[in-house]
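Visitor: I would like to learn how to read a model like this one. Please take me through it feature by feature.

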Amino acid sequence: MKKPNFAKVSPFVVDPQPIEDAFNLTPEDFAGTTMEERESIVEKHKSVSYWKDAARRFRANTVSMVALCIFILILLFAFIGPLLIPYNYEDQYRSAQELDPMKYSDSEQVVLKAAKNADAFFATVIQPGSMTAIRKGSYYIQQDGQTYAFTVTKAIEKTILVYRKDAENKLSLVKMKDIGDDGTWTESTPLEYTDTPEADAKEIKLVTGIFPHVFGTDSSGRDLMARTMFGAQVSIIIGIAAALIVLIIGSIYGSVSGLAGGVTDFVMMRIVELIYSVPEVLIVLLLQVVLKDPLQNWFDAHKTGIGGLLGDLGTGIVSIFITFALLYWVTMARIVRGQVLQLKKQEFVTAAHALGASKWRIIKRHLLPNAVGALVITTCLQIPSAIFLESFLSFLGLGVSAPMASLGSLCSDALASIEFHPHRLVFPAVTLTVIVLTLNLIGDGLRDALDPRLKK
Amino acid sequence: MLSYIVKRLLGAAGTLLLIMAITFFLMNAIPGSPFLTEKSTPQSIELANKKYGLDKPLIVQFKNYVFNYLQGDLGVSLKMQEGTPVSKIIFEQGKFEISIKLGLCALALAIVIGIPLGCIAAYRRGGWLDGFLRVITTVGVAIPTFVLATLMLVFFAVHLGWLPAKSNTLPDFKSYIMPVISLSSYYTCYIAKLTRTSMLDTINQDYIRTAKAKGVKTRSLILKHALRNSLIPVITYLGPVTAGIITGSFVVESTFQIPGLGKYFVQSVLNRDYTVIMATTVVLSALVIFMNLVVDLAYKIVDPRITLTAKED
């Protein structure tokens with residue numbers, strides 16, 4: 001414990017100047033202050049708003065700032081990352097099953113070899129990922145301001161499409177087995193093309209290199225890094241949305257109960273106590289099973305608007321939201337009620353009341369700003385607990401299901417081959433742990449910053 | 001004191017009734033019938049429904065559940081072990097015993113390790129040991145149970161081969177190690193954090209300074225004077241710990257393939273075995289509610305200042 005820093009000089013001795021000097025006053029000593037002096041006084045005593053003060057305290061907290069930075073990096077990884085890598089979380093890439101981290105599939109290795117020959121040739125994959133085959137249909141390529149359109153009448157297997165900048169016939173097909181280690185080949189089939197693509201033609205993007213499967217792939221050939229990014233996205237969205245649901249329901253219920261008081265308060269708090277003593281996980285597991293089919297039916301019936309939006313999320317996630325809305329708001333309601341009860345008795349509220357402020361104005365101007373710190377802290381700490389619950393349910397096989405991914409379901413999927421491919425568990429598990437860890441630390445920092453009275 | 005206990009028991013009965021009602025209506029809302037199999041026909045399902053009284057109105061069914069439970073009759077399993085009394089499945093096949101053993105070991109470990117760690121951290125506040133423990137406990141509360149359980153499984157059972165991978169009926173000491181550690185790690189860390197904070201609070205109080213001034217040795221100052229008062233928040237937390245250990249047991253039991261109550265509950269939900277769902281829910285809930293009551297009574301023993309009759313929010 002630090003000792004309080006007592007002032008070395010007593011505050012009563014203002015200035016140790018000789019006594020006779022102090023009575024030698026001139027008219028200048030009674031002159032009014034100049035504008036600069038006034039401004040400097042205002043500057044010196046500038047009032048710091050609650051939020052500025054809290055932000056300053058938060059910034060001074062190294063641990064929380066580091067946690068915040070790491071969390072922002074994870075947000076970038078989860079939300080920007082998928083745009084930067086050529087793989088998709090749900091596509092199953094051919095011949096890319098069961099790859100270890102930083103490895104390429106056989107067909108990708110061929111393209112890599114061809115790409116070495118970049119001086120004269122431009123190697124390309126026909127479809128990123130499933131490079132070994134091009135299906136029937138019309139396609140087009142845009143390169144150097146030109147459009148090359150062609151039609152495939154029969155699926156072409158184990159061949160890559162090559163664009164040669166300087167050749168007469170720019171597009172040709174080369175068999176993968178013909179490509180040597182230095183990236184050259186002797187045999188190729190020219191491809192006939194026009195410059196006007198057909199209406200239903202699909203664009204094929206040329207690539208010069210292949211991105212490795214940084215986290216490896218799973219047994220169905222899905223890229224694990226893409227899945228981890230997507231899973232992190234899903235987990236973070238679930239956490240934030242669930243925390244918001246809890247915030248809204250809990251704070252409305254709690255403030256109504258606290259403000260109303262009397263019998264209403266008593267009844268509402270008994271309900272909270274009942275819900276509080278229900279072991280929620282038992283009910284959550286039941287709810288997950290119960291809600292699955294009705295939700296799916298509802299989604300099928302409402303394909304547009306909000307139904308479509310929720311349908312994209314899947315029944316698992318939506319029932320997690322419903323669970324939170326039903327069971328998890330009680331802690332928030334208790335905290336808000338406690339805050340309201342505490343604030344209601346404060347003198348400034350009585351004063352505002354005496355001055356004739358309306359009930360709404362008291363809530364808006366006096367109660368809410370004072371309770372907001374507690375609300376922010378509780379909401380922030382609710383996010384990791386929602387992420388925990390989701391991963392727990394997904395781990396038991398009840399949350400999201402493939403091809404959707406969440407960090408919990410990825411961990412659960414990894415269990416099947418844990419003896420041979422432990423990295424499949426490690427990447428999502430570490431991501432999950434780091435997210436929860438940083439959110440906890442940010443929450444702790446917020447508590448210290450927003451409510452300094454609590455600081456130990 | 002007695003009137004308080006009676007009041008709480010009545011409240012517990014009310015809560016259990018509510019839980020039964022929620023469970024009953026939820027499980028009846030699960031689509032499909034427990035008797036729906038590949039071989040079943042509408043007639044056979046109807047026959048089975050009649051046999052187990054599922055053809056009656058829901059209210060009558062629920063009333064039957066309540067009355068039978070009051071007489072200690074938990075019914076017979078509808079599907080997973082058809083015809084076997086549920087009480088026999090839960091209590092005589094060792095499921096309850098295994099889960100209780102596992103849970104109590106985890107709870108004991110969390111208390112026995114967590115509280116001393118918290119005391120040490122508070123005592124060495126600001127030192128390297130405190131910093132080290134803070135890192136460990138902060139990371140510890142961020143690792144989900146299933147991650148720790150599976151990582152331990154891979155490392156100690158598969159790679160090193162020191163510990164058995166499948167604990168089954170927990171025959172010996174060795175098979176307890178991994179399930180208990182993975183189940184209790186979160187709570188150990190949380191209790192250590194809680195103890196540290198509340199110990200620091202207590203150490204700064206006047207009576208501790210007085211004791212110090214009177215020459216009480218640091219050791220007994222911490223153990224005798226400070227510990228008692230700093231345990232109150234820890235005891236409050238033991239209620240949620242019980243609920244959490246039951247939750248964790250679902251994961252741990254399925255990871256280490258322990259045939260306990262948690263695993264059986266998950267299976268019964270997936271199989272729609274109504275009577276088993278109801279019985280496991282009631283037994284597990286009763287456990288949590290009972291533990292909350294014990295915690296509230298433990299308060300009184302640790303801190304006589306707390307009056308139980310005046311209920312203050």
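Visitor: What share of the contacts in chain B with a separation of 6 or more comes from residues 24 or more positions apart?

Guide: Sort the contacts by how far apart the partners sit in sequence. This is a predicted model. In chain B, 74% of the contacts with a separation of 6 or more join residues 24 or more positions apart.

Visitor: Which elements make up chain B?

Guide: Count the helices and strands, then read their order. Chain B has twelve helices and zero strands. Its pattern along the sequence is α-α-α-α-α-α-α-α-α-α-α-α.

Visitor: What box do the C-alpha atoms of chain B fill, and what percentage of its residues is buried?

Guide: Take the box along the principal axes. For the C-alpha atoms of chain B it is roughly 85 × 55 × 30 Å. Burial is a matter of counting neighbours: a residue with 20 or more other C-beta atoms within 10 Å of its own is buried. Of the 313 residues in chain B, 37% are buried.

Visitor: How do the axes of α11 and α12 of chain B cross?

Guide: Read the distance, the angle and then the hand. Helix α11(B) spans residues 261-271, and helix α12(B) spans residues 274-302. Their axes come within 9 Å and cross at roughly 145°. The crossing of α11(B) and α12(B) is left-handed.

Visitor: Which residues make that contact?

Guide: List each side in turn. α11(B) brings B:L261, B:Y264, B:F265, B:S268 and B:V269. α12(B) brings B:V276, B:I277, B:T280 and B:L284. By class, this contact has seven nonpolar, two polar and no charged residues.

Visitor: On to chain A. In which sense do β6 and β7 of chain A pair?

Guide: Look at the strand direction, then at the bridges. β6(A), residues 159-164, and β7(A), residues 171-175, are antiparallel, with five bridges. One bridge pairs A:V162 with A:S172 of β7(A).

Visitor: How many bridges join β7(A) to β8?

Guide: Two bridges do, and these strands run antiparallel. β8(A) covers residues 189-190. Here A:L173 has A:T189 of β8(A) as its bridge partner.

Visitor: Last, how many residues does each chain put into the contact between chains A and B?

Guide: Read an interface one side at a time. Chain A gives 33 residues and chain B gives 40. On the chain A side, α8 (262-277), α9 (280-301), α14 (359-395) and α16 (423-450) each supply at least two residues. α9(A) gives the most, with nine. By class, the side of chain A that touches chain B has 26 nonpolar, four polar and three charged residues.

How values were computed:
Residues are numbered from 1 along each chain as its sequence is written. Chains are lettered from A and ligands numbered from 1 in the order in which they are written. This is a predicted model: local features need pLDDT of at least 70, side-chain atom pairs count only at pLDDT 80 or more; totals for chains, interfaces and linings use all residues. Two residues are in contact if their C-beta atoms, placed from the backbone, lie within 7 Å. Helices (H or I, at least four residues) and strands (E, at least two) are DSSP runs, numbered from the N terminus. Ala, Val, Leu, Ile, Met, Phe, Trp, Tyr, Cys and Pro count as nonpolar, Asp, Glu, Lys and Arg as charged, and the others, Gly among them, as polar. Two strands pair if DSSP finds at least two bridges between them. A residue is buried if 20 or more other C-beta atoms lie within 10 Å of its own, exposed if 12 or fewer, and partly exposed in between; C-beta atoms are placed from the backbone. Axes are lines fitted to C-alpha atoms, for helices over the stretch in contact, and angles run from 0 to 180 degrees between N-to-C directions. A crossing is left-handed if the near helix is turned anticlockwise from the far one by less than a right angle, and right-handed if clockwise.
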